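Hi,

Here is the structure I promised to send over. Have a look at it first, and my notes on the salt bridges follow below.

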Amino acid sequence: MKAVCWMGKSKVETLSVPDPTLLNPHDAIIKVTKTAICGSDLHLYDGFIPTMESGDILGHEFMGIVEEVGKDVANLKRGDRVVVPFTIACGNCAFCKKQVWAACDNTNPNAHLMEAAYGYSGSGLFGYSHMMGGYAGGQAQYVRVPFANVGPLRIESDLPDEKVLFLSDIFPTGYMAGENAQIQPGDTVAVWGCGPVGQFAIASAFMLGAARVIAIDRLPERLEMARSIGAITVDYSEQDVDVLTALKDLTAGTGPDSCIDAVGLEAHSAELQGVYDAVKTTLMMETDRPIVLRQAIQAVRKGGTLSVPGVYGGLLDKVPFGAAFGKGITMKMGQTNMHKYMKPLLERIEQGQIDPSYIISHRITLEQAPEMYKIWRDKKDNVTKIVIDPWA
């Protein structure tokens with residue numbers, strides 16, 4: 001089969017690789033009908049996530065048709081159409097039973113690597129490094145799905161793939177970001193980053209009762225998309241625009257009730273702190289560029305909430321934790337507990353409350369994926385979301 005493989009920092013290739021096979025009785029093999037490049041895949045492309053190995057198959061957003069199931073898979077059969085969550089959960093451990101699916105105790109065979117870095121391991125993830133389990137990803141024609149009794153969501157309607165594909169990650173991730181922001185009816189919410197997760201965080205904030213959403217980015221196509229779903233926008237790249245001042249002005253001096261950092265570890269800034277982080281990460285003296293996190297802590301109102309769906313990987317410098325303590329803010333973050341959100345969000349799509357396909361800008365083949373990684377990383381060609389047809 002053909003698959004998109006990580007071959008080193010800034011190097012991705014589409015290669016012929018062996019087809020996956022059933023390894024365990026609870027596995028399923030899925031014929032992938034649609035997959036996508038996630039913004040967090042760019043962290044792998046840029047070399048920010050350790051323990052990748054040459055030849056690893058990328059991709060954690062995918063859906064398809066069940067091709068084969070193991071003898072212990074009781075809820076799926078050949079021919080079923082499914083969306084697969086990017087987090088892998090066993091369904092039986094203490095964390096899964098508490099619906100903290102992303103903390104599953106049993107799905108990361110390389111848990112010792114995570115425990116050395118983080119103290120404890122979260123769940124395994126598709127296509128996202130060996131410390132996250134080393135599972136092959138879904139930017140391929142076929143993929144092995146472990147714990148298939150627990151993860152895949154059957155699609156029993158005739159909704160097209162593009163309307164349901166993003167249930168695999170970014171729609172639930174944006175929605176959980178809104179939930180973590182503890183939005184109350186009438187609240188003002190600020191969202192940094194108007195990429196795919198940011199767009200769904202904006203849409204979800206309105207679903208959860210926000211009166212106003214202020215969207216912050218520098219790319220015109222992303223800001224226009226945010227305005228199209230009702231957000232007020234702040235272009236931080238404009239001359240004389242200071243994000244903290246703009247947010248104070250838009251909230252009568254009190255600050256947003258909730259702030260959502262949908263950017264994560266590769267934030268950009270032309271200001272001094274941006275240069276500082278770029279130099280320190282280049283010298284391996286810092287792992288992440290937490291510019292947005294610093295701004296969000298400063299911006300949120302006293303007693304407000306900070307939600308962080310953006311991915312962070314390691315050690316952060318000069319985070320104003322004193323401001324967070326002094327204002328008594330609540331901070332919530334983490335990988336998405338996918339299994340909690342997929343079915344209710346599918347119902348919202350079926351009811352016509354949202355059509356997630358509005359974020360798609362590019363539809364490509366597997367062979368075009370390597371070039372599109374570079375184009376998206378370099379913020380060219382007005383990319384907002386890339387969907388791959390593995391059979392085109």
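**Salt bridges**

Arginine 81 is buried, at 18% relative accessible area (buried is under 20%, exposed over 50%, partly exposed in between, with a 1.4 Å probe and protein chains only). Its salt-bridge partner is aspartate 161, with the closest N and O atoms 2.8 Å apart; a salt bridge here is a side-chain nitrogen of Lys or Arg within 4 Å of a carboxyl oxygen of Asp or Glu. This pair links distant parts of the chain, 80 residues apart: arginine 81 is in strand 6 (residues 81-84) and aspartate 161 in helix 4 (residues 161-164). Helices (H or I, at least four residues) and strands (E, at least two) are DSSP runs, numbered from the N terminus. Aspartate 161 is buried too, at 14%.

Before you go further: this is a predicted model, where local features need pLDDT of at least 70 and side-chain atom pairs count only at pLDDT 80 or more, while totals for chains, interfaces and linings use all residues. Residues are numbered from 1 along each chain as its sequence is written, and side-chain values use heavy atoms, leaving out hydrogens and water.

The structure holds 20 salt bridges. Another one joins aspartate 46 to arginine 377, at 3.0 Å between the closest N and O atoms. They sit 331 residues apart, aspartate 46 in the loop between helix 1 (41-45) and strand 4 (56-57), and arginine 377 in helix 13 (residues 369-377). Aspartate 46 is buried at 12%, whereas arginine 377 is partly exposed at 25%.

Then there is aspartate 277 with arginine 294, at 2.7 Å between the closest N and O atoms. Both residues are buried. Finally, shared partners join Asp46, Lys374, Arg377 and Asp378 into one salt-bridge network.

Cheers
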